[in-house]
Amino acid sequence: MDYSHSQQEVSELENGYDLLKPSNKEVLSGSRTLQNVSSSIMRKKSDPLLVSSVRFQMLRHLLANLQEVILGTKLAVLFPAIPLAIAADFYKFGRPWLFALSLLGLTPLAERVSFLTEQIAYYTGPTVGGLLNATCGNATELIIALFALYQNKIHVLKYSLLGSILSNLLLVLGTSLLCGGLANLKKEQRYDRKQADVNSLLLLLGLLCHILPLMFRYALGEGPFTFHYTLELSRASSIVMLVAYVAYIFFQLKTHRQLFESQEEGEEEEEEKAVIGFWSAFSWLVGMTVIIALLSEYVVGTIEAASDSWGISVSFISIILLPIVGNAAEHAGSIIFAFKNKLDISLGVALGSATQISMFVVPLCVIVGWIMHVHMDLDFSLLETGSLAFTIIITAFTLQDGTSHYMKGVVLFLCYIVISACFWVHKIPQNQITIGKPFSGVFAA
């Protein structure tokens, strides 16, 4: 009986009908029963059908990944902007069009990079996953900053980094507290102050490192020696900031994980699982990072042309528009968690991203500029540093009591509107922006 049964399976396999059997459908879905193992052994007698089955499985796997990665976000409607931007560069369309299409294309890519990082974290565990999130969380801002540094556009670099910090602390956090407060009017929204205090301390340390070069320049006056000493002070301060950020990562992931476990508990309650494989997520992440690098080069190279064509200052585009694109994922995620009355996660997203930019990306750009012999310092000029100082102080006061309501969100959001209006009217003639010279020279007293 067993021999006849085996002969029957071989006959069906050779005639090409084996794919209709339920057991082989299980093989295609990845299940490994004893019957499936025996069927896979029998397939060795029919190589063409085996190759066809493997190809079909690979095709279905690819389509499943496309469904999750490309169509798994509401921002998928913006993906066509990516090939349009490449076509605009190839056919030499107007530079403002290239800038606008590149900016639109970066929006879904920034959100998908965050998604892919989370998928990889399911396989690597919380420690490596946390380090990966710390590295890739602000990948768009970091890549734009490095391209601006490479092209000696120090003003664009500083504007974009400053805008990312302001966006996270005022726009992302402000709208999260506002929406969360309105959605939970009958509930008292509370959060753990300890996590917010740690981020506030790091932001204040970063602010000190920004203020000292500015005060140093005003104390000594303008001159070549002042610029040299300011650059040295900035590089020394950048090393201190990077050491502080490494200590913060160790503090968060090792010695005091309990202060940040509220984020992990909120995610574990929903019992989320990875929807794509590790290597698939890694491959998609590498591919999207390459595309982000390409679009970032377009953005940095055409920002002045877009500013002249649209009549909008470079400072407004760099401080307001670019960070909104780069922080799209953080903004959406923070508001969703605030709606669910999970403010610890919302604060972790907004404050964590701002801390990462201030204490990691900014000093990293100074060190990389040092290696590239580009004069990148921490003197962000009086107006920019003053905006940063008041933003950090207002945010620290807002989060000091461990409770939240919509009025706090209103205040933070209106602060962002006022700063946006300030840089809307803050227009610098192009002939006053000296590429490769100290940024403070643009705003010399």
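Predicted model: local features only at pLDDT ≥ 70, side-chain atom pairs only at ≥ 80, totals over all residues.
Helix α10 and helix α17 cross in a left-handed sense.

**Two helix pairs**

Helix α10 covers residues 193–220 and helix α17 covers residues 382–398; they pack at an angle of about 155°, with their axes 10 Å apart. Because angles over 145 degrees count as roughly antiparallel, α10 is roughly antiparallel to α17. On the α10 side, the contact is made by S200, L203, L204, L207, H210, I211, L214 and Y218. On the α17 side, the residues are L382, T385, L388, A389, I392 and A396. Sorted by class, this contact has eleven nonpolar residues, three polar residues and no charged residues.

The second pair is helix α11 (residues 224–255) and helix α16 (residues 343–371), which pack at an angle of about 135°. Their axes are 8 Å apart, and α11 is oblique to α16. The crossing of α11 and α16 is left-handed. Among the residues of α11 in this contact are S234, R235, M241, L242 and Y248. They belong to a set that meets residues of α16, including T355, F360, P363, L364 and W370. By class, the contact of α11 with α16 has 13 nonpolar, five polar and one charged residues.

The table sets out the packing values of the two pairs.

| Helix pair | Angle | Axis separation |
|---|---|---|
| α10 and α17 | about 155° | 10 Å |
| α11 and α16 | about 135° | 8 Å |

**The nonpolar core**

In soluble globular proteins, nonpolar side chains tend to be buried together. The largest nonpolar core of this model has 94 residues. Within this core, F99, L116, L157, L161, L173 and L347 touch the most other members. Helix α9 (residues 154–183) supplies the largest share of the core, with 14 residues.

Which residues does F99 contact, leaving aside its neighbours within four places in sequence? They are V299, T302, I303, A306, W310, I317 and L322.

**Serine 309**

S309 lies in helix α13, which runs over residues 278–310. Is S309 buried, partly exposed or exposed? S309 has a relative accessible area of 49%. Buried means under 20% and exposed means over 50%, so S309 counts as partly exposed.

S309 can also be placed relative to W97. These two residues are 212 residues apart along the chain. In the folded model, their C-alpha atoms are separated by 10.0 Å.

Conventions
Residues numbered from 1 in each chain as written. Heavy atoms only, no water. Core = buried A, V, L, I, M, F, W, Y, C linked by side-chain atoms within 4.5 Å. Buried < 20%, exposed > 50% of the residue type's maximum accessible area, 1.4 Å probe, protein only. Helix = DSSP H or I, 4+ residues; strand = E, 2+ residues; numbered from the N terminus. Contact = heavy atoms within 4.5 Å. Axes fitted to C-alpha atoms, helices over the stretch in contact; angles between N-to-C directions. Parallel < 35°, antiparallel > 145°, perpendicular 65-115°, else oblique. Left-handed = near helix turned anticlockwise from the far one by under 90°. Nonpolar A, V, L, I, M, F, W, Y, C, P; charged D, E, K, R; others polar.
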